[in-house]
Amino acid sequence: MHSAVDSILRAHSHVGLATTARRTPRGRDCATRSIHSIKSPRKFAAQFRSSRVPASWNFRFAGPLLCCTVMALSAEDSSAATTESNTALVLYTPSPHHGLHARTVAYDFEAFNMTVSLEQRYGEEGVGVGGAMWPAGAVLAEYLSRRPQIDGAPFDWNDKRVCELGAGLGLVSIIAAHLGAKVTATDGVEKVLPVLRDNIAAHTSAESPVRHAVRTMLLSWGEESHHAMVEEGVDVILAADVVYGDKVHVWRKLIRTLDALCSDTTLVLFAHFSRYPEREAQFFRLLDKKFDRGQVDPSELRPGSERTSVYVLRKKPLADGEACLDSDDERE
């Protein structure tokens, strides 16, 4: 590896460098070096643009993890990597929707020494947004994987009864299962359930053993499909990227379901990627009528998560949370 390039990579990465050797689809030998969590992508890009690197090097930002992958082709194939303009550097800053149409997305979890590869089906008829991986889910999963303290105290996930709402591809549920929880992954779209089941099965099998098998089920917000879970009891509710657009009637159904599933001791971890803050403020006004809301310190989330917040919710005592979502809130 080029020593000057190595020094730049080390200066700008939060973690160490990982090198793997592989062959490209055309059979060329290459070395791949990956760094997660670039400290300052702009400074990183500027320093690379001003540096001299061989034309055989190709650099790119890949996916919402803001990781930089560096590929060095073998010397005899260096000409194959040179573009028409003889540019050696390609920099790409991903949008929140980067990789939306990719068939699979993958996430590394150092705490489990595990890579979770998820199948996506975004764009297929009847699947909707649940067929893709969205930013807040990745942030919440990574946060949980480090077994953080909750409300300033260690939290034991073993045997906890966990329900994920809007589970989609299942990443958060997979991580909760590897923490030792009894997980029920739910989604309100029936055509999402097959990919949810497949992704969970692929990462909770004999090769990736978990303490309890993960259950999947259809759960439509605001309807009675959650009654069985209420009877069983829920210790923790997980939700990520379940608020978007401006469908207030859907938000009310979500809050009703949260309210129905929660007891006085239920913990809710709610991850939200902000897209339209003014619209979303209305949702949080409705939510705050039923729940006390704290926020995880942003410094505890992985770098690059500036637009994602993780909230800790607790159901308000009945006397404080009696506000009706069907009467007063209809005027909002």
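**Salt bridges and burial**

A: Let's begin with E119, which counts as partly exposed because its relative accessibility is 22%. Keep in mind that this is a predicted model.

Q: Which residue does E119 form a salt bridge with?
A: With R121; the closest N and O atoms are 3.0 Å apart. The two side chains also make a polar contact, at 3.0 Å.

Q: And R121, buried or exposed?
A: R121 is buried, since its relative accessible area is 16% and the cut-off for buried is under 20%.

Q: Where does R121 sit in the fold?
A: In the loop between β6 (114–119) and α3 (135–145).

Q: What does R121 touch, leaving out residues up to four places away in sequence?
A: R103, V127, G131, P194, V195 and D198.

Q: What do the side chains of R121 and D198 do there?
A: They meet in a salt bridge, 3.6 Å from N to O. That pair links distant parts of the chain: R121 is in the loop between β6 and α3, while D198 belongs to helix α5 (residues 193–203), 77 residues apart.

Q: How accessible is D198?
A: D198 has a relative accessible area of 39%, so it is partly exposed.

Q: Which residues are linked in the salt-bridge network?
A: R103, E119, R121, E124 and D198.

Q: How many salt bridges turn up in the whole structure?
A: A search finds 13. One of them joins D235 and R161, with the closest N and O atoms 3.0 Å apart. D235 lies in the loop between α6 (227–232) and β10 (236–240) and R161 in strand β7 (residues 161–165), so this pair ties together parts 74 residues apart in sequence.

Q: What about the accessibility of R161?
A: R161 is partly exposed, as its relative accessible area is 36%.

Q: Switching topic: how many residues of helix α4 are buried?
A: Eight of the eight, residues 171–178, so α4 is largely enclosed by the rest of the structure. The buried residues are L171, V172, S173, I174, I175, A176, A177 and H178.

Q: What comes just after α4?
A: G180, which takes a positive phi of about 105°.

Q: Now the big picture. How many helices and strands are there?
A: The protein has eight helices and 13 strands. Of its 332 residues, 48% are buried.

Q: What share of the contacts join residues at least 24 apart?
A: 69%, taken among contacts between residues at least 6 apart in sequence.

Q: And what does the accessible surface come to?
A: About 16,300 Å², and 48% of that belongs to carbon and sulfur atoms.

Q: Last thing, confidence. What does the pLDDT average?
A: The protein averages 76, and 65% of the residues score at least 70. Over residues 53–98, though, the pLDDT is below 50; the model gives that stretch 107 contacts beyond near neighbours in sequence. Residues 327–331 are also below 50, and this stretch has six contacts beyond near neighbours in sequence.

Q: How should the predicted coordinates be read where pLDDT is low?
A: Not in detail.

Terms used:
Residues are numbered from 1 along each chain as its sequence is written. This is a predicted model: local features need pLDDT of at least 70, side-chain atom pairs count only at pLDDT 80 or more; totals for chains, interfaces and linings use all residues. Side-chain values use heavy atoms; hydrogens and water are left out. Helices (H or I, at least four residues) and strands (E, at least two) are DSSP runs, numbered from the N terminus. A polar contact is a pair of N or O atoms within 3.5 Å; within protein, one must be able to donate a hydrogen and the other to accept it, and residues adjacent in sequence count only if both atoms are side-chain atoms. Contact means heavy atoms within 4.5 Å. pLDDT is the predictor's confidence in each residue, from 0 to 100. Buried means under 20% relative accessible area, exposed over 50%, partly exposed in between (1.4 Å probe, protein chains only). A salt bridge is a side-chain nitrogen of Lys or Arg within 4 Å of a carboxyl oxygen of Asp or Glu. Accessible areas come from the Shrake-Rupley method with a 1.4 Å probe; for residues, only the protein chains shown count as cover.
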